[in-house]
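Trainee: Could you walk me through how to read this structure?
Mentor: Gladly, let's look at it together.

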Amino acid sequence: MEHFTLPHIKNHKHSKLLSYIEDTPELMVSRKNDHIRICQTEKIESDGTPFAKFRFIPEALPEIDFDEINLEQSFLNNTFSMPVLVTGMTGGIEKGQEINEAIALAAEKYNIPMGLGSQKMMIKDPKFKRLFDVRKIAPKLFVIGNIGAVSLNYGITLDDIQRLVDDLELGAFAIHLNALQECIQPEGERNFFQLLKKIENIAKNLSVPLIVKEVGSGISAETFKKLVSVGVSAVDVGGKGGTSWSAIEGLRADREGQRLGDLFKDWGLTTDDSLLSCSGLKNNLQYNVPLIATGGIRNGLQVAKAVAVGATMVGVGLPLFKAAVSPQAGETPLESVERELSFFKKSLSITMFCAGAQNLSQLSSRIVQEVP
Ligand SMILES: Cc1cc2nc3c(=O)[nH]c(=O)nc-3n(C[C@H](O)[C@H](O)[C@H](O)COP(=O)(O)O)c2cc1C
């Protein structure tokens with residue numbers, strides 16, 4: 001197991017239990033490069049296959065034309081060609097820009113939304129804008145900005161976020177919740193005190209819809225209710241079953257951090273359990289906001305299952321990241337990302353055809369949960 005070292009930095013003894021290192025743009029660049037190397041080369045997914053406990057009832061006589069299957073989905077007042085979005089990943093470093101550009105061009109071609117990775121460094125230093133600016137190559141792409149919620153307790157304001165929205169012509173903005181990651185990350189920021197109020201301020205005053213997302217530990221029904229009650233427009237449950245930030249940060253940490261990262265690698269609610277507990281509340285109109293299911297979704301069959309049990313959109317991260325950084329021989333990163341999106345689209349269409357669903361809203365009546 002390769003161990004990644006941090007550059008020489010001053011270690012402020014700020015917390016009694018976990019050491020605190022002040023986060024700087026240099027450190028952010030180094031961290032993002034580490035994340036790319038680790039995600040490219042190490043096994044960093046938590047255990048489990050999301051939605052394995054669900055099956056579709058096969059329809060042997062579908063009586064629909066495969067070519068007439070409609071995958072379109074409405075989300076945040078836009079219509080997308082399928083219920084898949086590229087979940088926020090990179091940006092802010094040269095390698096991240098290449099990845100973002102391949103993903104942006106493919107996402108624009110497929111008419112699906114694309115999330116950017118955390119833009120904290122762009123707020124701290126506008127020179128990083130160039131490395132996030134996918135709008136210049138993809139004028140029609142629906143782009144979702146990104147920042148960690150905890151940054152709102154470390155000086156980042158509504159005005160900073162509004163500036164990101166304006167500068168990059170973002171269609172929506174995502175705030176990520178990543179308490180576990182911040183604990184394992186050597187330079188993690190861990191003061192989450194009264195963040196809900198600050199999220200409310202952003203939700204109520206930002207010019208575009210606010211999404212709140214977890215990054216691998218899932219969102220419980222109680223947390224979902226709190227987020228909806230302060231005006232959040234959509235929630236990404238970001239459950240366990242895919243990329244594990246505990247595992248990734250463990251690989252960047254010292255020996256104790258590695259042990260902690262391993263210990264918490266499988267922490268959290270699975271993507272399906274989290275989605276089910278939140279979507280169960282949607283009968284109450286007050287909680288009827290779009291849900292995004294992210295975390296371990298690797299094909300269109302899982303996309304169909306997630307939609308059938310209440311997701312409006314499904315977020316895909318690692319497979320598209322890997323397609324962009326490790327294209328097959330003779331392929332460009334763009335062709336590689338397009339090939340992966342084509343696999344998602346075809347496997348979603350085949351699932352719908354063989355379950356007898358002509359459109360996404362018909363999927364929910366075709367799914368069953370297996371009794372263990
Ligand atoms: C290389 C990489 C970088 C990521 N960076 C961010 C980030 O900056 N902000 C964020 O909210 N999520 C980030 N994520 C998490 C993803 O948005 C997503 O929640 C997670 O990868 C789970 O989806 P997956 O299992 O399909 O990868 C990142 C994921 C990867 C693989």
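Trainee: How many Å separate a polar side-chain atom of K213 from an oxygen atom of the ligand?
Mentor: A polar contact is a pair of N or O atoms within 3.5 Å; within protein, one must be able to donate a hydrogen and the other to accept it, and residues adjacent in sequence count only if both atoms are side-chain atoms. Here K213 places a polar side-chain atom 2.6 Å from a ligand oxygen. For T87, the distance from a side-chain N or O atom to an oxygen of the ligand is 2.7 Å, and for R298 it is 2.8 Å. Of the ligand's own 600 Å² of accessible area (Shrake-Rupley method, 1.4 Å probe), the protein covers 95%.

Mentor: A word on the source: this is a predicted model, where local features need pLDDT of at least 70 and side-chain atom pairs count only at pLDDT 80 or more, while totals for chains, interfaces and linings use all residues. Residues are numbered from 1 along each chain as its sequence is written, and side-chain values use heavy atoms, leaving out hydrogens and water.

Trainee: Is E331 buried or exposed?
Mentor: Buried means under 20% relative accessible area, exposed over 50%, and partly exposed in between (1.4 Å probe, protein chains only). E331 has 18% relative accessibility, so E331 counts as buried. The E331 side chain also makes a polar contact of 2.6 Å with the side chain of R339.

Trainee: How many disulfides does a search of the whole structure find?
Mentor: A disulfide is a pair of cysteine sulfur atoms within 2.5 Å. The search finds 0 disulfides. As for individual cysteines, C278 is buried at 0% relative accessible area, whereas C354 is partly exposed at 40%.
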